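This report goes through a structure by its sheets, a helix pair, selected backbone features and the ligand surroundings. Please keep the sequence and the coordinates at hand while reading.

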Amino acid sequence: MMDRMHEECGVFGIWGHPEAAQLTYYGLYALQHRGQESAGIASIDEMTMHNHRGMGLVTEVFGGDRLKDLRGHAAVGHVRYSTTGDSRLANAQPLVFSYHQGNMALAHNGNLVNAMTIRDRLERQGSIFQSTSDTEVVAHLIARGGYPSVIENVRDSMAMIKGGYAFVILVDDALIAMRDPQGLRPMALGRLGDAYVVASETCAFDTVGATFLRDVEPGEMIMITSEGLHTERFADASRKALCTFEYIYFARPDSDIDGYNVHMVRKHLGKILAREAPIEADVVIGVPDSSISAAIGYAEESRIPYEIGLIKNKYSGRTFIQPSQELRNLGVRLKLSAVRKIVDQKRVVMVDDSLVRGTTSARLVTLLREAGATEVHVRISSPPVKHSCFYGIDTSAREELIAAQKSVDEIRDFIGADSLSFMTEDAMLTAFGVERGKPHGFCNACFTGLYPTEVYQTNKRALERQVKV
Ligand code: SF4
């Protein structure tokens with residue numbers, strides 16, 4: 001059981017470049033932080049679709065000559081962390097199929113909250129599914145569509161699904177990109193010479209040398225063909241709700257989302273946190289890697305020196321469930337080490353971006369005390385996570401979220417810190433440029449329980465089952 005919110009997936013698409021698959025490979029490489037379980041690329045060459053998918057990191061899946069066979073002027077790619085559907089090859093994306101209107105490759109980032117309901121209906125009508133991923137539900141909807149053109153069937157299918165998503169769809173004569181009506185999941189559009197590119201994050205553009213044009217708008221469908229780019233709204237986007245965790249934790253610091261640089265937002269969060277929850281201390285440290293920006297902000301504002309007090313072992317991989325507490329603690333030491341010379345005999349402020357189950361924080365506090373810290377004050381640059389996410393983020397079931405079960409003082413005692421403070425929701429929003437008390441365009445549902453879309457009973461039941469297993 002991981003003690004972290006988990007990235008969902010990353011998507012990349014390119015149209016109009018002779019090395020489309022190679023560039024997609026580099027784009028996925030830049031998006032690897034969004035999913036490490038599987039990777040895949042599909043390309044179109046005249047009317048022939050090529051694809052390769054596999055379990056593992058991008059470099060592992062596309063080792064050797066794998067890319068050589070992915071010919072063509074257009075491609076879509078995907079990296080996956082499974083939030084719904086099993087972790088197996090059948091669920092890796094892009095999902096590629098041929099049907100009466102030609103070839104299609106689909107990949108998406110996010111989660112469809114009514115996928116189970118639609119799947120149930122389609123199965124009763126005779127559809128046979130090969131995977132447990134939401135993407136296949138959309139593939140069936142498009143393939144069964146009654147309109148003469150692919151675009152019309154895609155548009156019609158999108159009207160039926162609800163949730164947070166960013167889709168890339170490759171067909172014989174077009175690349176289609178879509179962002180959900182609330183803009184929960186990010187997606188950007190860029191240009192590389194004569195080619196167009198789309199990606200979950202702008203860091204992928206920097207890697208392939210593309211220029212950022214703009215964010216894909218919530219509820220927007222972009223179609224890129226040999227004729228150029230065409231855009232339209234497929235849904236009313238009156239209520240925007242970008243996932244706040246993209247800024248807090250998921251996105252890479254060098255990415256820009258909706259005009260704001262992620263590192264700068266995190267640093268701003270740290271500064272506000274220092275104003276909201278000051279403490280006398282000798283050194284400020286951040287939990288690598290995602291909390292470093294917030295820790296720098298906290299240090300700047302509080303005028304307490306920032307230091308690297310925790311080092312991450314980048315090659316340790318995942319800590320799987322260990323049979324005993326002793327071995328579990330060893331698992332954390334494999335991933336993170338305290339820098340004794342920095343924390344010994346010091347009052348330490350440890351800044352972390354979020355606190356989910358509390359077990360990792362507890363081990364980090366112990367690690368710092370063992371390295372000689374005289375006091376450990378934990379500062380979290382987001383509000384307490386009290387509710388599960390239904391939009392493609394793995395938050396664990398509600399019963400496992402420590403803030404849903406305990407007060408702040410009880411959590412402080414659980415993790416063994418001298419003090420603990422979270423960010424308030426209002427203060428967090430000011431870091432995103434929202435005036436206090438004013439309406440905003442962010443999803444904060446895992447803090448507030450106020451979901452920006454209808455949440456279907458089937459999802460709730462699925463989560464309840466997850467707890468019982
Ligand atoms: S519930 Fe939380 S993690 Fe999920 S989309 Fe909303 S803000 Fe993001």
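How many bridges join strand S8 to strand S12, and in which direction do the two strands run? The model is predicted. In it, S8 (residues 174–179) and S12 (residues 220–225) are joined by four bridges and run antiparallel. Met178 has Met221 of S12 as its bridge partner.

## Six-stranded sheet

S8 and S12 belong to an open sheet of six strands, whose order is S5-S6-S7-S8-S12-S13. The pairing in this sheet is antiparallel. Strand S5 (95–99) and strand S13 (228–233) are the edges; each has a single partner strand, so one side of each has no neighbour in the sheet. With direction ignored, neighbouring strands are turned against each other by 20° on average.

## Seven-stranded sheet

A further open sheet is formed by seven strands in the order S3-S2-S4-S1-S10-S9-S11, and its pairing is antiparallel. Its edge strands are S3 and strand S11 (211–215), each of which pairs on one side only. Between neighbouring strands of this sheet the average turn is 15°, direction ignored.

Within this sheet, strand S1 (residues 9–15) is joined to S4 by seven bridges, and the two strands run antiparallel. The bridge partner of Val11 in S4 is His78. Helix H1 (residues 20–30) lies across S1, S2, S4 and strand S9 (188–192). The helix runs at about 25° to S4.

## Helix pair H8 and H9

Helix H8 (residues 262–276) and helix H9 (residues 292–302) have axes that come within 6 Å and cross at roughly 45°. H8 is therefore oblique to H9. The crossing in which H8 passes H9 is right-handed.

On the H8 side, the contact is made by His263, Arg266, Lys267, Gly270, Lys271, Leu273, Ala274 and Arg275. H9 contributes Ser293, Ala294, Ile296, Gly297, Tyr298, Glu300, Glu301 and Ser302. By class, the residues of this contact are five nonpolar, five polar and six charged.

## Backbone features in loops

Which residues are joined by cis peptide bonds? Pro94 is in the loop between strand S4 (74–80) and S5, and S5 is an edge strand of the six-stranded sheet. Another cis peptide bond joins Pro288 and Asp289, where omega is about -10°. Asp289 lies in the loop between strand S17 (283–286) and H9.

Glu46 has a phi near 55°, a positive value in a residue other than glycine. The residue lies in the loop between strand S2 (38–45) and strand S3 (48–55). S2 and S3 are both strands of the seven-stranded sheet, where S3 stands next to S2 in the order.

## Ligand surroundings

How many residues surround the ligand, and which are the closest? The ligand is surrounded by 11 residues. The closest are Cys243, Thr244, Cys389, Cys443 and Cys446. Sorted by class, the shell around the ligand holds nine nonpolar residues, one polar residue and one charged residue.

Methods:
Residues are numbered from 1 along each chain as its sequence is written. This is a predicted model: local features need pLDDT of at least 70, side-chain atom pairs count only at pLDDT 80 or more; totals for chains, interfaces and linings use all residues. Side-chain values use heavy atoms; hydrogens and water are left out. A residue is near a molecule or strand if one of its heavy atoms lies within 4 Å of it. Ala, Val, Leu, Ile, Met, Phe, Trp, Tyr, Cys and Pro count as nonpolar, Asp, Glu, Lys and Arg as charged, and the others, Gly among them, as polar. Axes are lines fitted to C-alpha atoms, for helices over the stretch in contact, and angles run from 0 to 180 degrees between N-to-C directions. Angles under 35 degrees count as roughly parallel, over 145 as roughly antiparallel, 65 to 115 as roughly perpendicular and the rest as oblique. A crossing is left-handed if the near helix is turned anticlockwise from the far one by less than a right angle, and right-handed if clockwise. Contact means heavy atoms within 4.5 Å. Two strands pair if DSSP finds at least two bridges between them.
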